[in-house]
Amino acid sequence: MNKEDIFKDIIYWAGRTYKADMVPATSGNISRFEDNIIYMSKSGVCLGDMGYEDIAELDINNNVLNGIKPSSERLMHIEIYKKRADIRAIIHIHCPYATAFAVCHKNMNKPILPEFIYNFGNIPSAKYALPSSYELANEIAEYFIKGHNAVLMENHGLVVGAGSLKEAFYHCESIQAYAKTYFASKLLGKIHTLNKDEVKKIQNLKG
């Protein structure tokens with residue numbers, strides 16, 4: 001894929017993420033890793049307003065290549081890419097429904113939806129660390145090393161990694177739907193979770 005196509009891909013999925021109410025105002029960030037270059041939303045940009053001029057280029061050693069300042073969360077993206085060769089795209093969101101779990105320091109682990117169990121099983125909540133810090137980047141990367149593709153950050157938000165931005169967005173959308181369903185269910189009454197046998201059958205569908 002050439003650079004223009006990469007830029008178009010980032011702008012399209014950034015826009016989808018904003019329209020889905022996952023990144024209010026200038027929160028959140030998005031990136032792709034292609035041919036040893038990280039293409040990333042620039043610092044302070046609203047993902048719903050992005051253009052070609054809002055995409056920074058940097059290498060895996062945090063050297064900016066095109067003079068555009070990348071998001072302050074670039075260290076987290078770099079560490080994830082370093083630790084997981086299969087991940088080529090990252091979206092970091094501040095969806096209020098998902099972030100509520102992070103604010104309450106709760107994992108997303110209630111077995112209420114088969115799709116969520118199949119795709120994630122459990123989304124852990126990583127301990128709080130200062131946004132944009134090496135401490136946060138290393139903390140999150142450890143969860144990705146353990147095989148998680150989505151991690152909550154206490155009092156902060158959620159980060160998702162995947163093989164493409166399309167897949168990463170769909171994961172974000174599924175997580176957002178899970179969070180909304182959970183809160184709506186709490187309002188309606190008692191939540192009925194799937195039992196261990198039912199959960200095991202869903203997990204076995206992966207083969």
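A: The axes of H1 and H6 come within 10 Å and cross at roughly 10 degrees, where axes are lines fitted to C-alpha atoms, for helices over the stretch in contact, and angles run from 0 to 180 degrees between N-to-C directions. Helices (H or I, at least four residues) and strands (E, at least two) are DSSP runs numbered from the N terminus. This is a predicted model, in which local features need pLDDT of at least 70 and side-chain atom pairs count only at pLDDT 80 or more, while totals for chains, interfaces and linings use all residues. Residues are numbered from 1 along each chain as its sequence is written, and side-chain values use heavy atoms, with hydrogens and water left out.

With the crossing angle of roughly 10 degrees, H1 is roughly parallel to H6, given that angles under 35 degrees count as roughly parallel, over 145 as roughly antiparallel, 65 to 115 as roughly perpendicular and the rest as oblique. On the H1 side the contact (heavy atoms within 4.5 Å) involves Asp 9, Ile 10, Trp 13, Arg 16 and Thr 17, which meet Leu 165, Lys 166, Phe 169 and Tyr 170 of H6. Sorted by class, the contact of H1 with H6 comprises 5 nonpolar, 1 polar and 3 charged residues; here Ala, Val, Leu, Ile, Met, Phe, Trp, Tyr, Cys and Pro count as nonpolar, Asp, Glu, Lys and Arg as charged, and the others, Gly among them, as polar.

H6 also meets H3: their axes come within 8 Å and cross at roughly 75 degrees, which means that H3 is roughly perpendicular to H6. H3 contributes Tyr 97, Ala 98, Ala 100 and Phe 101, and H6 contributes Ile 175, Tyr 178, Ala 179, Lys 180, Tyr 182 and Phe 183. The class count for H3 with H6 is 9 nonpolar, no polar and 1 charged residues.

Seen as a whole, it is an open sheet of 7 strands in the order E3-E2-E1-E4-E7-E6-E5, with mixed pairing, two strands being paired if DSSP finds at least two bridges between them. E3 (55-58) and E5 (125-126) stand at the edges with a single partner strand each, so one side of each is left without a neighbour in the sheet. E4 runs antiparallel to E1 (residues 29-34), joined by 4 bridges, among whose residues Asn 29 has His 92 as its bridge partner in E4. E4 also pairs with E7 in the antiparallel sense, over 5 bridges, and Ile 91 stands opposite Val 160 in E7. Of the 5 residues of E4, 5 are buried, with Ala 89, Ile 91 and Ile 93 on one side and Ile 90 and His 92 on the other.

Helices lie against this sheet as well. H2 (residues 74-83) lies across E1, E2, E3, E4, E6 and E7 and runs at about 35 degrees to E1. H3, already described through its crossing with H6, packs on the sheet by touching E5, E6 and E7, and its direction makes about 65 degrees with that of E6.

His 148 lies in the loop between H5 (134-145) and E6 and is partly exposed, with a relative accessible area of 22%. Not counting residues up to four places away in sequence, His 148 touches Arg 84, Asn 122, Pro 124 and Tyr 143.

Definitions and conventions:
Buried means under 20% relative accessible area, exposed over 50%, partly exposed in between (1.4 Å probe, protein chains only).
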